[in-house]
Structures are given as structure tokens and as C-alpha cells.
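Open your viewer and get ready to select residues. This short tour tells you what to pick next and what you will find there.

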Amino acid sequence: MSDVLKLSNVSRRYTEGGGQLEIFSGVELTLQAGEIVALVGQSGAGKSSLLHMAGLLEAPSGGEIHINGQAVSNLSDHERTRIRRDTIGFVYQAHHLLPEFNALENVVLPQMIAGKSRTDASVEAKRLLTTLGLGARLTHRPAQLSGGEQQRVAIARALANKPRILLADEPTGNLDPRTSGGVFDALIATVRAEGLAALIATHNFDLAARMDRALVLQDCKLVPATLS
């Protein structure tokens, strides 16, 4: 397996009240192709900030981030945007689907933005949605889908441009336990089938225990998590 994401001595600090509030420091993380890693920790521990930095949405206060072996922290906004578009898929707790478009169209649009033809984008969108159990719901708009179905569409959208890295922030946090389990099963099966590297933030230790390994943000450090 090859490293697709590496964080080296990464820190994040915010200015607050004339001082510095440290969120985390000295973070070391390596994520390999085909590996699914859980990120756990209390609310406010910095999980979302860490995901945002790994996804090039925030710049670290210190340290370096490598994607596919390339240092990215000092790249231009244009280059960072290109890497996000071509290499990274995001899934959030809220699905953020476009309400005026149906499930298929919500997965087609990001592909067309990336330059794919509508025909090719439709083929890939249908494949992903069918894999995620939504083959009979392609023409339904978000309001016509259950919460679990909407999140499956969001997962398909995140995978549509064939990223190498998937970053998910509490992807089942808004779902009931039964629905959450089904969506998580679909997410993990699809990530493994696509051969992605995935970093998934969750409060659910049962779900975290089903991933390849788990890390916890604790006392501003990222350390292996004990889930038993």
C-alpha cells in the first residue's frame, strides 16, 4: 500500500482574547490506500479542524501536509482547489444536497463541473447510486428520500470524481441507530470496493471499532484509541 495522506508535526492555533488557543499540536498521521481510519474524541476536541486541514480547507498553524507525496501547505489557492477537486471527497453530517435536483443529478453535477460529459457523468452516477442501494430512487428529489437515502446520495456525490481520499465528518450523526448502521455498512463497502483511503470522524465507538484502526484527539494530541 502507498501513503496518500501524511500529516507531519501539524498544529492548529486560534487567536482568542489577545492570546493563542491551541487546538492540537505535533499531529502525526499517515493514511494509506485501502485503509479506513476512525477519528474519535469529545466534541470540541478538534476533529473537524483536523479534517478541514487534511482536506485543504484550512491551513495548519505549523507542520506540513503531504498528499500523494506532494507538500501542499504552501501551494496557491488555485492548486489547492485543484487537488481538492481531483483527489479528495467529503461527506458531512448534513448532506447538503441541492433540493431542486434529483438524486442522479446531484451526483452528475460535480462530475460535469470537473469537466466530464453529461453522458459519462450519468453512467458513473447511476453506478454509484445503484451500488449504494438507490437504483430505484434515481429520479427522486431529496425531499422524497429518507434521511438515510439522502446521506447515501451524499456519499455517492463524494465518490463521483474518483478521489483517492475520503474525509467524512460524523456521516451518520443525524441518523437513527438502525439507519446509521445501514448507511455505515454501505459507506465502508463502497470505500473498500473503490480502494480509497478514508478518515472518518465519529462519536460512535461501535462504528469506530469496525474500521482498520482508531485515533483519538486527546489533550491536544493525536494518539491511538482504546475502544474496548
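The tour visits a helix and then a cavity in this predicted model.

**Stop 1: helix 3**

Select residues 103–113. This is helix 3. Which of its residues are buried? Colour Ala-103, Asn-106, Val-107, Val-108 and Gln-111: these are buried.

**Stop 2: the ends of helix 3**

Asn-102 caps helix 3 here. Find its side-chain oxygen, then the backbone nitrogen of Leu-104: they lie 3.1 Å apart.

Next, select Gly-115, which follows helix 3. Its phi is positive, near 110°.

**Stop 3: the cavity**

How many cavities of 30 Å³ or more does a search of the whole structure find? The search finds 1. The largest cavity holds about 60 Å³ of space.

To see its lining, select Leu-51, His-52, Phe-90, Val-91, Tyr-92, Leu-167, Ala-168 and Asp-169. Colour them by class: 6 are nonpolar, 1 is polar and 1 is charged.

Where does this lining come from? Show helix 1 (47–54), strand 6 (88–91) and strand 7 (165–169); each supplies at least two lining residues. Which element gives the largest share? Strand 7 does, with 3 residues.

Note on methods
Residues numbered from 1 in each chain as written. Predicted model: local features only at pLDDT ≥ 70, side-chain atom pairs only at ≥ 80, totals over all residues. Heavy atoms only, no water. Buried < 20%, exposed > 50% of the residue type's maximum accessible area, 1.4 Å probe, protein only. Helix = DSSP H or I, 4+ residues; strand = E, 2+ residues; numbered from the N terminus. Polar contact = N/O pair within 3.5 Å; in protein donor to acceptor, adjacent residues only side chain to side chain. 1 Å grid on protein atoms, 1.4 Å probe; cavity = no way out; pocket = protein on both sides within 12 Å on 5 of 7 lines; lining within 4 Å. Points joined across faces, edges and corners; volume = space filled by probe spheres on them. Nonpolar A, V, L, I, M, F, W, Y, C, P; charged D, E, K, R; others polar.
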